[in-house]
Structures are given as C-alpha cells and as structure tokens.
Amino acid sequence: MAKRAGKKASDIIVWIILALLMVGLAGFGIGSFGTSAVEVGRVGTAPISARQYARALQAELRAQAAEGGQFTSLSAMRAAGLDRAVLDGLVARAALTHEAEAMGVSVGDEEVARQIRNTTAFQGPGGAFDRSGYEFLLQQQGFTTEEFEETVREDISRSLLQSGVVGGLEMPAGFIEPLLAYQTETRSFTLARVTEDDLATGLTAPTQEELQAYYDENQARFERPEARAITYAWITPDMIMDDVSVDETALRALYDERIAQYVQPERRLLERLVLTSEEEANSAIAALEAGETDFDILVAERGLTLEDIDLGEVSANDISDAAAEVIFADTEREIFGPLESAFGPALYRVNAVLDASEITFEEAQDDLRDELAEDAARRAIDAMVEEMDDLLASGATLEELAAETGMVLDTVTWREGADTGIAAYDDFREAAATVSETGFPELLPLSDGGQFALRLDEVIPASVPPLDEITDEVTQAWRDTQLRERLTDRAQSLITQLATSGSLEDLDLELQQEELIRRNDFIPDAPPTLVAQIYQLDGPGDLVVIPASRSAWIARLDSINSGTEGAADTVALRAVFEAQGAQAMAQDLFEAYGQALQAEIGISLDQGVINAVHAQFP
C-alpha cells in the first residue's frame with residue numbers, strides 16, 4: 001500500500017507542476033492578495049487561501065481552452081456553475097487535509113524532498129535536481145518554497161489517507177457475474193432476405209393523385225434549407241496559367257536541379273545486421289546456410305528489431321566498396337556476408353532490387369512547365385492584389401472589379417453542405433456563411449493562391465419547392481416507401497405462413513447462417529439494427545422481420561450461447577469489469593467519506609473574499 005501511495009503522490013506532484021506551468025506568468029492579479037493568509041474559507045482546521053482559489057479557477061479556464069470548451073471567461077464559467085464546482089473541489093481537499101492532521105497522518109521532510117527531487121520539472125539538463133531553477137519557477141508562480149513544500153506534504157498525506165480508506169476494495173462476484181454473462185453471451189441465427197424479385201407483382205407508377213397526396217403528407221422530406229444568393233468575382237492560378245509564358249532555360253534549370261529524382265542508379269532495399277566479430281559473423285552465416293536459424297531470429301537474438309537494421313533504398317555509393325561490389329553484382333541471392341561496413345562485419349539482406357531509371361527532359365518538361373506556370377500565375381495574382389484592394393476600397397462593385405482586372409464574375413445559390421465549384425474551397429464556404437447584406441465586398445485569399453470577393457444578394461428562406469419542380473424526386477421517394485412497405489408485408493406474410501406449417505428452409509429464399517454473434521457485432525450489408533433486434537427475441541425458433549430500404553430480412557433465432565468460463569476473452573473481460581467496478585466503488589466510497597467529513601467538521605466560507613477573487617479576473 002505504501003508503494004502505491006508513493007506512486008500516487010508522485011503523480012500528484014507532477015500534476016501540481018503542470019498546473020503551475022499552465023498558469024505561467026498570467027496570474028490575473030493573484031499577487032494582489034498579498035499573502036496566502038487571506039482565506040476564502042476553512043474546513044475544520046484546514047484553510048483555503050484566496051490564492052489557492054484563484055489558481056484553481058485559472059487552471060479550469062486553461063483546461064477549458066485546451067480542450068476547446070465553451071467557457072473562456074470567468075463570467076461564462078460562473079453562469080454554468082463551474083466556479084462552485086472548483087470551490088467544492090478545494091473544500092473536499094481541505095476536509096481530507098483536516099482529517100489527515102487529526103489522525104496524525106503526515107510525512108517527514110525527507111519524503112517531501114525526495115518527491116520534489118524526482119519531479120522532472122525541477123531537474124536540470126543532466127537529470128539532477130536544479131535548486132535555482134526550482135526556486136525561480138516557484139517565485140514566478142507566487143509560491144514561497146515553504147508554502148509549496150507544505151502543499152506537497154499535504155498532498156502526500158491525503159493520498160495516504162485515501163489509500164487507507166479505499167485500498168484493497170474488490171467487487172463482489174454477484175455484481176460481476178451478471179455483467180459478464182450479458183457481455184459474453186452470443187447468439188446464432190439464420191437470415192433470409194426478401195427482395196423486389198420475391199413480390200407477386202411489381203410496383204406500378206403512381207397516379208397524380210397518389211403523388212400529390214404523398215407530397216402533401218411528407219413536406220418536411222422535400223424542404224430545401226435556407227440558401228444564400230451570392231455574386232462573386234474570383235481568379236485562380238489555373239484560370240491564367242495557360243496564358244503565362246515559361247522560359248525554356250528555367251525549365252532546363254529546374255530539371256537539372258532535380259536530376260537525382262529523374263535519373264536514379266540501380267538500388268537495393270537493404271537490411272544490415274552488424275556483428276561483434278568476424279568469427280561471430282561467420283558462425284551466423286554458417287547457421288543460416290545450414291537452415292539452423294533465419295535472419296529474423298538472428299536480429300531478435302541481438303535485441304534488435306527490423307526497423308533498427310533497415311537501411312531503406314541504397315545505391316552502390318551508399319555502402320562500402322567491398323560490400324557494394326558483392327551485393328550489386330548479384331540479383332538472385334537474398335543474404336550476403338559477412339561483408340565490411342563502417343561498424344564492423346555485417347550480414348546484409350536484400351528485400352528488393354530496384355533497376356536504374358531515367359526520365360528524360362523531354363518526358364518531364366510538360367509537368368515542369370505546368371509547375372513553373374502555376375508558380376508564375378500565383379505571382380501574377382499576388383501582383384494584382386493591391387490594385388484589386390484599391391478598387392474595392394474606392395467603392396467599385398464586383399462587376400466593375402471583374403471588368404477592370406480580368407477576374408471571373410459569377411453567381412451561386414449557396415447552401416450548407418455545397419462543395420462544388422468555388423464552394424469546394426473552405427475559404428469561400430466560411431465567407432459565404434457569414435457575409436451580410438449590409439457588408440462591403442472585400443478581397444479574400446483562396447488556398448491555391450487565388451483571390452475572391454463576394455456579395456450577398458439575398459437570403460432565401462427554407463422552403464418546399466412546388467411539386468411540378470421536383471416530380472422525379474417525389475416519385476422516387478414514393479416508390480421507395482411503397483417498396484419498403486410491400487417487402488415488409490411480404491416478409492410478415494411468410495412468417496404467418498410458417499406459424500402453421502413448414503420452416504424457413506422450405507421457403508424459396510437464399511439463407512444465410514450467422515454463428516456466435518455478440519451484441520455489438522455488425523453483419524455486413526444487413527440493417528444496422530438487426531443484431532439488436534435478434535437479442536430481443538426470447539428463445540430459439542422465434543422470428544422477426546427487419547425492414548430495410550431495398551429489402552426485408554427475416555431472422556430466426558437458432559441458439560443462445562453462454563460465454564465460456566476460462567476462455568481468454570472471458571478472463572480479460574472479467575479483469576476489466578473487476579477493475580472498473582472497484583474503481584467506481586472506491587470513487588463512490590471516497591466521495592461519501594468526504595461528504596461525511598465535511599458535515600462533521602463544518603465549513604465556513606467568506607463570500608467577500610470569494611467576490612474579491614472573482615474581481616481579479618477580466
């Protein structure tokens with residue numbers, strides 16, 4: 001237990017230091033409280049200082065920011081009640097501190113010093129405790145060494161008390177067994193799929209009256225979300241790169257610069273196992289040739305992995321001349337050695353032979369031309385930015401901007417989720433979602449080096465188009481609904497038929513057997529609710545129909561199978577349940593213990609000091 005408590009205490013120290021580092025130099029006026037003697041409250045004999053409370057609030061704000069939380073100010077935190085949760089946490093800590101002191105649970109200076117020395121944040125580059133760095137860090141956070149060391153002492157004492165209260169808890173078997181039985185149960189079942197081909201008659205086209213009735217009853221299904229009618233002007237490198245001339249000298253220079261990419265010598269994918277001596281290398285190669293071992297075993301015997309010895313693509317110039325002469329002269333052998341290396345005798349394994357390759361200038365020039373043209377087009381657009389900005393600043397419309405600069409003018413009816421044309425750019429979608437009818441167009445960049453400006457012409461409210469505009473869509477939706485209903489009815493009629501005579505095997509349907517399926521398993525191509533519905537059946541022989549969009553499934557439960565006691569997965573699951581259950585029980589027990597302590601010893605809080613702490617935050 002002492003060992004566990006020591007480890008927990010060490011963890012607590014690390015968290016304390018991380019909290020200090022997060023607070024940084026931004027104390028939000030914490031120093032204005034003077035000394036830690038200013039208290040926001042007291043639990044028994046244990047005080048809660050104003051600085052403790054301010055640091056805890058700041059840590060919560062930093063944690064919210066780091067996790068992308070919604071509370072980025074103290075006022076927002078207070079509105080959600082998080083300030084009270086922070087204070088409750090400090091009250092609980094103070095109650096444990098009081099109880100530890102009352103019980104005489106404490107640790108000496110030697111243990112406090114050991115914990116601090118072993119804290120990474122206080123260690124210098126060589127790993128030794130850095131006294132000056134320790135004092136400097138505490139000073140920056142407004143701690144005296146005495147105050148911080150007393151905090152460490154209290155944390156260790158609380159961890160010892162906690163270990164004494166909840167240490168050694170075990171979950172009762174009566175709690176674990178039902179959970180284990182539930183999770184390890186499997187079911188075997190038979191599936192039959194009913195499709196449109198199994199219907200007695202095919203679907204007919206809907207009448208106009210049926211279509212109108214379906215349209216009227218399912219208005220929400222055909223509603224178009226709010227849209228924005230937007231006019232925009234834009235220009236991208238792709239639009240103008242064909243008009244950009246590329247110097248042939250620049251093409252040749254870029255090819256020469258990348259010659260190593262276009263002209264590559266013969267290469268090998270190599271692994272190199274370095275051995276300690278020529279004798280060891282000869283012994284290893286002899287064992288390989290005799291079939292007594294293999295290369296992977298030799299690597300593992302030396303405590304290495306294949307990643308450790310992987311050289312990647314290697315040309316003859318990348319290894320010693322002696323090794324290259326042997327390895328590159330043979331395209332058949334896999335293992336070579338012992339051969340000379342910079343680190344001693346080595347065995348080499350060839351995983352692939354890569355032939356020499358060459359892409360000529362003539363073959364590469366089209367791609368190089370496109371690259372240089374695109375770069376030139378980007379620079380040309382960059383040179384136009386000032387002119388375009390000046391035009392918009394002087395009050396030019398988008399139409400005038402396009403006419404003056406050669407930008408392309410267009411319109412779009414934009415809705416959330418649109419991602420074609422200019423809406424394929426994140427930059428445009430963000431601007432389209434926030435632009436207002438009263439705003440003035442401004443020049444904005446695109447991710448590929450282009451520029452655009454937009455204007456909101458109209459906000460189009462959500463609406464349902466008239467039937468004559470979406471006849472095909474409504475017809476398809478009507479057909480899908482009719483097919484689903486008819487397939488479900490057909491499957492139900494087959495189940496009714498089976499209730500009086502025959503079995504699933506007698507039906508003219510293709511059957512699919514599924515064995516030992518767990519609750520969370522998924523059957524490919526089947527409805528996502530199928531397994532869950534099978535687990536609602538009471539016993540073997542029970543049938544259920546599961547509708548789908550293009551078919552209906554008949555499922556028959558064949559057997560309910562209990563988990564196998566002693567199987568590896570059952571043992572692992574039991575260990576998980578026991579650990580999680582014991583942890584939850586310990587947490588509940590310790591929480592109840594803390595609440596009982598608070599009720600017994602009493603809590604006093606000073607709202608005036610609490611308000612003063614809040615006032616220090618912007």
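Contact here means heavy atoms within 4.5 Å, and helices (H or I, at least four residues) and strands (E, at least two) are DSSP runs numbered from the N terminus. This is a predicted model, where local features need pLDDT of at least 70, side-chain atom pairs count only at pLDDT 80 or more, and totals for chains, interfaces and linings use all residues. Residues are numbered from 1 along each chain as its sequence is written, and side-chain values use heavy atoms, leaving out hydrogens and water.

Take α11 (residues 248–257): its buried residues (under 20% relative accessible area, 1.4 Å probe, protein chains only) are L251, L254 and Y255. They line one face of the helix, because they fall within an arc of 100 degrees seen down its axis, going by directions from the helix axis to the C-beta atoms. They pack against α12 (259–262), β5 (263–264) and α17 (361–393). On the face turned away sit T249 and E257, both exposed (over 50%).

## Two nonpolar cores

A nonpolar core is a set of buried Ala, Val, Leu, Ile, Met, Phe, Trp, Tyr and Cys residues joined through side-chain atoms within 4.5 Å. The largest has 27 residues, and V40, I48, Y53, L57, V613 and F617 have the most contacts inside it. Helix α4 gives the most, with eight residues.

Leaving aside neighbours within four places in sequence, Y53 touches V40, D83, V86, L87, L90, I610, V613 and H614. A second, separate core of 26 residues includes A233, I240, Y255 and A377.
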